[in-house]
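Some labels given to parts of a protein rest on cut-offs. How is such a label reached?

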Amino acid sequence: MKTTITGKNFNTYQHLEDTIEKKLEKLDKYFSEDIEAKVVLSQERNKDKIEVNINAKGAQFRTEQVADDIYEGLDKAIDKLARQMSKFKGKLQKKYQDNKSVRFEAIPAPEGGESEVGKLVKTKKVELRPMTAEDAVLEMEMSGHDFFVFLDETTDKVNVVYKRKDDNYGVLETAE
């Protein structure tokens, strides 16, 4: 597994990077090819935060963990990624059956048989109105939702504003 480790306001050191790479190697058994893992370390409210993103040629696995100690957060992240792979094994197999980079036979079956993830229960049509991201945030807050879909008035593209865990806001912009 090719691992890229970066720190945002966080000083990494060789022992930590070696430990991260060693722990991520435990997940190698789930992949048939060399895949890429991106690890971002940071501090949030005097706690250590670790984000891990694994891209297995279309199959995305992601976790974000906050802990008092970065090594504790790393253990939680590895456990969560393994659980994600196990929990969604059936759905991933159907979606990525031609993807040779994931070894589905190596992923353990979820405890209690196949896990059923939430079902799509509602479809809602929205009217896209041109507005700024700031106006979209205001609309989102007034509606009481965690996200809001809008048409960016400067780019004329569909975007989404969302509320982040740190109580700030983010924008998802559609690509060309």
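This is a predicted model: local features need pLDDT of at least 70, side-chain atom pairs count only at pLDDT 80 or more; totals for chains, interfaces and linings use all residues.

Q: Why is Thr19 called buried?
A: Its relative accessible area is 15%. Buried means under 20%, so Thr19 gets that label.

Q: Where does Thr19 lie, and what is it in contact with beyond its neighbours within four places in sequence?
A: Thr19 is part of helix 1, residues 14-25. With those neighbours set aside, Thr19 touches Tyr71 and Leu74; contact here means heavy atoms within 4.5 Å.

Q: Why does Val158 count as partly exposed?
A: The relative accessibility of Val158 is 31%. Val158 is in strand 7, which spans residues 158-163.

Q: Which residues have the most contacts inside the largest nonpolar core?
A: They are Leu24, Leu27, Phe31, Leu41 and Ile54, in a core of 24 residues. At least two residues of this core come from each of helix 1, strand 2 (36-44), strand 3 (47-56) and helix 2 (70-87). Helix 2 gives the most, with six residues.

Q: What lies apart from this core?
A: Another core, of seven residues, including Met131, Met140, Phe148 and Val161.

Notes. Residues are numbered from 1 along each chain as its sequence is written. Side-chain values use heavy atoms; hydrogens and water are left out. Buried means under 20% relative accessible area, exposed over 50%, partly exposed in between (1.4 Å probe, protein chains only). A nonpolar core is a set of buried Ala, Val, Leu, Ile, Met, Phe, Trp, Tyr and Cys residues joined through side-chain atoms within 4.5 Å.
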